[in-house]
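Please read the following points with the model open beside you. Each point takes up one part of the structure.

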Amino acid sequence: MPSRTAVLSTAALVALAAYYAPTLDLPLPAFLSGAPPAQESEGPRALARSAAAFAAQPFDYLIVGGGTAGLVIAARLSEDARTRVGVLEAGAYVPPGADARLDLVINYGQVFGDPTRDWCMASVPQAGLRGRVVQETVARVLGGSSMISDVLWQRPSREEFDAWGAELGSGPGWSWDALAPYYRKAEHWTGPPALTLPGGRADPDPALGAAFGRAGPVQVGYNNFYPGLIAESVAAGNALGIRTSGNPETGNATGFFTPARAVDPRTGTRSSALTAYFEPNVNRTNLVVLTGAEATKVLFRPRDESDKKAPRVAEAVEFVSEGKTYTVHAKKEVIISAGTFKTPQLLELSGIGDRSLLKGFGIETLVDLPGVGENLLDQTYTLIDYVAKKDVKTLDEMRINATFAEEQIALFASTGTGLLTYDTAMTGSIPLQAFLSKEEVATLSALIPSPVSSDFSPLQAVQYQLLRKWFDEGELGWAEFLMLSAGGAASTPSPDTSYATPIVFHLHPLARGSVHINSSDPLSPPVIDPNYFGHKFDVAFHALTTAWLRKWMHTHPISELLVKENAPGEDAVNTFDEWAEYARSNAISTFHPIGTAALAPEYLRGVVAPDFKVHRTANLRVVDASVIPLTFSVAPLATVFAIAEKAADVIKGVAPAAL
């Protein structure tokens, strides 16, 4: 087993300790002293030494975007030594152990806004959020969102995946049963969870372990540290009618449960596309990755205009590196894995999108696909916080207790365990009917639009019909609850004070947004309009469910551990309208954007076919979160890995193994 000081460089650990030390007057442990080690001058073999050398190479497959999906596909395609794979990545290569903000999941959010790690995009002013501009964090590092996102590793409910193939028209290859083998292919599971939540089984459900893969590259396991408030919050939810689930991974994701997470139990650090799919394969001579290279256009072979129905054939990608423009060719396919915001931008710059929009920027339309950049979906969350009693041990102990902080840093350095490896210990994807009153459910029901409205796109009409069905059945999670055993998220924490922060996520928003090019300049950021709270249902959802957070915290036994509500304060917000206004002013993006190159038939204004090919192209595929056509009731990280594993098999033309 590698030592902790080998896993994280001295420089990274110094940065970690420096984060906590100012508040605590915390001396640096002895193992943090000394100069940071020199970095390799050239990096791994798989990293291209120059843009010119990369562009001069013959590749079978070109992958645009070395993110979560892109690195999975690159690793799988390059398993065949005869296949040459090139990857263009705009961000930097950050070796494992070089940046504790990336490696330690407890540091989630610390790289947001850092232009060396984040594209630092922003939405247009959001009318539904009282004109607020929302920062849209998008990873700008090799490994993509798997390097900076939360690490919850979850599967949706069966009905949610089955709808992709059935109601949303992508056929039998897109269902729960079709995708399940690809989760297992990605996973190296260590279990079962160490924590049994109140209301759950005393012994682990045997089916839980059977659901996971044991030989995949992504390390998946559970927390080894649990703060106060977790068990009590679940027990309070049980008292209000919310069940606990011992197994959310076999088709029913509802109920409170202890979620798995992508953290390596051997090191206590993040398991990402970089560590799982790139680092083990850096010595392959047929895999070449160029970082610091931004793709600007996909180039297509000239088409015989006598056959205007012939699919477009991609043959090269134009990119910019250090201010110079290069062209690199692909013999077989171009695969775009640039993410929900950058993928539609690249498609439009390449002449694929809504003809009227492209014409306005002087771009020749090669494939008229009005769905490109539409159907932008992103989940939102709201939160409140409470002051906890003095004897309650929360994550705030790292901020207010110097001795505890020293112990935890030393524990991580010696064993790779403890608070520094912590991620969410409980979450719950809950049907609305399980906790709202009949009157509140009726209020929301009345706000779901009729799918026959002429104001909707064909895809939107089918989505609303499906959401109406799910709402009425009341069996799928629509709200996700989480207990953050710490302060600082809903308000500025006071010294020497611990907090409880209950959070609610809206899993199925009704508003639809878009992302489109702003000019023909490929380096200009796109126009991002998520349209947060652009539908009355979304506003009402957050008003009712955020109010329910207070009811939850007022319920035994969690109520016995709390002193008072801190934000918003019981004197400040009480009525439906007050909660709605609070939500508009405080709602936050989950950074789960999807849908802008939707997997759906062209007649529904989809962009990508079941085989990942962009409609009316012969060899241009999209594989990333942008293809996900509709939100689902858990975090998307594991699903993006599974989709990429499936795409690799589709591209190679092999049948899925019985994993």
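1. Ala625 lies in the loop that runs between strand 27 (620-622) and helix 19 (637-652). The model is a predicted one. Is Ala625 buried or exposed? Its relative accessible area is 16%, and buried means under 20%, so Ala625 counts as buried.

2. The surroundings of Ala625 deserve a look in the viewer. When neighbours within four places in sequence are set aside, Ala625 is in contact with Thr340, Pro593, Ile594, Gly595 and Val640.

3. Helix 9 spans residues 230-239, and its buried residues are Ile230, Ser233, Val234, Ala236 and Gly237. Why do these residues sit on the same side of helix 9? They do so because the arc they cover around the axis is only 160 degrees. As background, an α-helix has 3.6 residues a turn, so residues three or four places apart point the same way.

4. What do the buried residues of helix 9 pack against? Their partners are strand 8 (255-257), strand 21 (479-484) and helix 17 (536-553). After helix 9 comes Gly241, which has a positive phi, near 100 degrees.

5. The largest nonpolar core contains 182 residues. Within this core, the residues that touch the most other members are Phe54, Trp153, Trp164, Phe278, Phe319, Phe481 and Leu620. Helix 17 supplies the largest share of the core, namely ten residues. There is also a second, separate core of seven residues, among them Met121, Val138, Phe341 and Ile528.

6. Apart from neighbours within four places in sequence, its contacts include Ile242, Phe256, Thr427, Gly428, Ile430 and Phe435. Phe481 is also in contact with Ile503, Val504, Thr545, Trp548, Leu549 and Trp552.

7. The last point concerns empty space. Rolling a probe the size of a water molecule over the atoms shows where such space is left. How many cavities of 30 Å³ or more are there? The count is five, and the largest cavity has a volume of about 70 Å³. The residues lining the largest cavity are Asp378, Thr380, His506, Pro509, Ala511, Pro530, Asn531, Tyr532, Phe533, Asp538 and His542. Sorted by class, this lining consists of five nonpolar, four polar and two charged residues.

Terms used. Residues numbered from 1 in each chain as written. Predicted model: local features only at pLDDT ≥ 70, side-chain atom pairs only at ≥ 80, totals over all residues. Heavy atoms only, no water. Buried < 20%, exposed > 50% of the residue type's maximum accessible area, 1.4 Å probe, protein only. Helix = DSSP H or I, 4+ residues; strand = E, 2+ residues; numbered from the N terminus. Arc of directions from axis to C-beta. Contact = heavy atoms within 4.5 Å. Core = buried A, V, L, I, M, F, W, Y, C linked by side-chain atoms within 4.5 Å. 1 Å grid on protein atoms, 1.4 Å probe; cavity = no way out; pocket = protein on both sides within 12 Å on 5 of 7 lines; lining within 4 Å. Points joined across faces, edges and corners; volume = space filled by probe spheres on them. Nonpolar A, V, L, I, M, F, W, Y, C, P; charged D, E, K, R; others polar.
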